Amino acid sequence: MSTTLSAVSAPSEHRTDVLDVAALRRDFPALHQTVHGKPLIYLDNAATSQTPLAVIDAMRKFYLEDCANVHRGVHELSQRATDDYERARTAVQKFIGAAEPEEIIYTRGTTDALNLVAHSFGRPQVQAGDEVIISTLEHHSNIVPWQILCDERGAKLRVIPINDAGELLMDEYAGLLNDRTRIVAVNQVSNALGTINPVRQIIAMAHERGIPVLLDGAQAVPHMKVDVQELDCDFYAFSGHKMFGPTGIGILYGKRELLEKMPPYQGGGDMIKSVTFEKTTYNDLPYKFEAGTPNIAGAIGLGAAIEYLNQIGMDRIAGYEKHLLDYATEAVSAVDGIRLIGTAREKASVLSFIVDGVHPHDIGTILDREGVAVRAGHHCAQPVMDRFGVTATTRASLAFYNTEQEVDAFVAAVRKVKELFG
Ligand SMILES: Cc1ncc(COP(=O)(O)O)c(C=O)c1O
């Protein structure tokens with residue numbers, strides 16, 4: 001762990017928007033480079049965030065010193081690898097407030113976690129005529145697995161609509177809940193618009209009818225404190241690479257009582273207690289859902305990312321980012337001919353916009369020449385684009401290491417785009 005975190009302003013200041021960003025930025029080597037001769041301004045954090053040295057060092061240590069398989073060897077290296085792998089699981093458990101480490105399942109990412117639930121929870125539970133509720137705001141990875149399930153089962157996918165600001169219409173949601181609803185699966189924060197959804201209310205309303213709720217937390221965990229027990233969600237999914245951890249690792253949290261009842265997702269090593277050709281007995285949680293050699297270095301890196309975030313403090317990250325998002329929203333809105341897509345009252349991290357007469361891909365390309373990395377496209381959320389009558393937007397997405405100066409440079413680059421296109 002690098003030492004720069006000690007430079008973060010003391011919590012006793014009672015301000016949540018104060019971070020020593022300059023010091024924190026030194027933990028991220030990738031931020032200190034030029035792109036096309038310009039200093040990099042990385043505003044594509046919703047796609048993948050940058051990685052601090054603490055994470056790189058933890059993974060490097062695994063490969064340099066401890067590289068061995070987990071849960072299998074009696075030898076020292078395997079023991080060390082297993083200890084670090086399981087320690088990371090406990091770090092994840094505490095980070096999201098889960099009751100026990102057995103409720104934390106390593107996956108390849110959010111997509112893998114969502115598919116796991118659609119498969120192992122969905123297949124036994126969802127029958128012909130049943131219903132699954134998602135929302136207009138979902139990433140494709142929280143749409144397609146449910147579509148596949150519903151097609152297979154003859155079930156119906158119901159979709160909570162949104163208003164022009166990009167907020168869920170809660171009255172419509174209330175009207176969708178019924179005795180045939182088997183699960184509600186929604187994101188906590190929209191990746192395309194940044195809307196923070198009223199997930200407590202969504203969960204409470206579903207639970208009144210005994211319906212479980214899955215939250216896709218991919219865009220929430222990097223930006224705010226999450227407590228799955230306080231939320232009372234039944235499943236929670238997220239990815240390491242969007243929260244300053246490595247790619248190829250993610251988490252599915254599930255309440256023990258649900259996970260116990262679910263059949264395995266995949267078969268293979270580690271997920272069994274005993275195998276004969278006549279009968280296989282499955283391993284206990286969480287291993288029942290972790291077939292094959294896992295992403296050991298990824299899990300250890302994720303644990304290091306969590307430790308890093310804990311040292312900064314998620315509440316302070318949220319406070320700082322709120323300030324930065326307000327600043328960026330005001331600055332972007334001041335540019336003539338820009339339309340913000342997604343103006344919810346509660347938002348995190350994301351500024352999606354279109355510029356009159358300029359295709360988002362052209363904006364993205366020109367911004368890249370200015371050193372500014374943004375995302376242009378449908379953001380794997382085509383139904384959101386359809387709802388707003390556009391095919392794509394340009395999306396700038398912030399992290400705690402971004403600064404007002406970077407926002408200023410980004411807005412200046414957007415103005416340049418406007419000048420170029422006259
Ligand atoms: C809200 C949301 N859900 C799911 C995903 C999919 O995550 P991954 O590609 O890491 O599986 C993303 C990625 O952008 C996302 O933003």
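**Exercise 1.** Which residues in α11 are buried? Then check the length of helix α11 and find what covers its buried residues.

*Solution.* Keep in mind that this is a predicted model.

Step 1: Go through the helix residue by residue. The buried ones in α11 are M314, R316, I317, G319, Y320, E321, L324, L325, A328, A331 and V332.

Step 2: Helix α11 covers residues 314–333, and at 1.5 Å a residue its 20 residues should span 28 Å. The C-alpha atoms at its ends are 28 Å apart, so the expectation and the model agree.

Step 3: Look at the surroundings. The cover over the buried residues of α11 includes helices α1 (21–25), α3 (76–95), α10 (296–312) and α14 (404–420), together with strands β13 (338–340) and β14 (350–355).

**Exercise 2.** Work out how α3 and α10 are oriented to each other, and describe their contact.

*Solution.* Step 1: Start with the axes, which come within 8 Å and cross at roughly 45°.

Step 1: Classify the angle. Oblique is therefore the right word for α3 and α10, and α3 passes α10 in a left-handed crossing.

Step 2: List the partners. From α3 come A81, D84, Y85, A88, A91, V92 and F95; they meet I296, A299, I300, L302, G303, I306, L309 and N310 in α10. Sorted by class, this contact has 12 nonpolar, two polar and one charged residues.

**Exercise 3.** Is A409 buried, partly exposed or exposed?

*Solution.* Step 1: Locate A409 in helix α14.

Step 1: Its relative accessibility is 31%, so A409 counts as partly exposed.

Notes:
Residues numbered from 1 in each chain as written. Predicted model: local features only at pLDDT ≥ 70, side-chain atom pairs only at ≥ 80, totals over all residues. Heavy atoms only, no water. Helix = DSSP H or I, 4+ residues; strand = E, 2+ residues; numbered from the N terminus. Expected span 1.5 Å × (residues − 1). Buried < 20%, exposed > 50% of the residue type's maximum accessible area, 1.4 Å probe, protein only. Contact = heavy atoms within 4.5 Å. Axes fitted to C-alpha atoms, helices over the stretch in contact; angles between N-to-C directions. Parallel < 35°, antiparallel > 145°, perpendicular 65-115°, else oblique. Left-handed = near helix turned anticlockwise from the far one by under 90°. Nonpolar A, V, L, I, M, F, W, Y, C, P; charged D, E, K, R; others polar.
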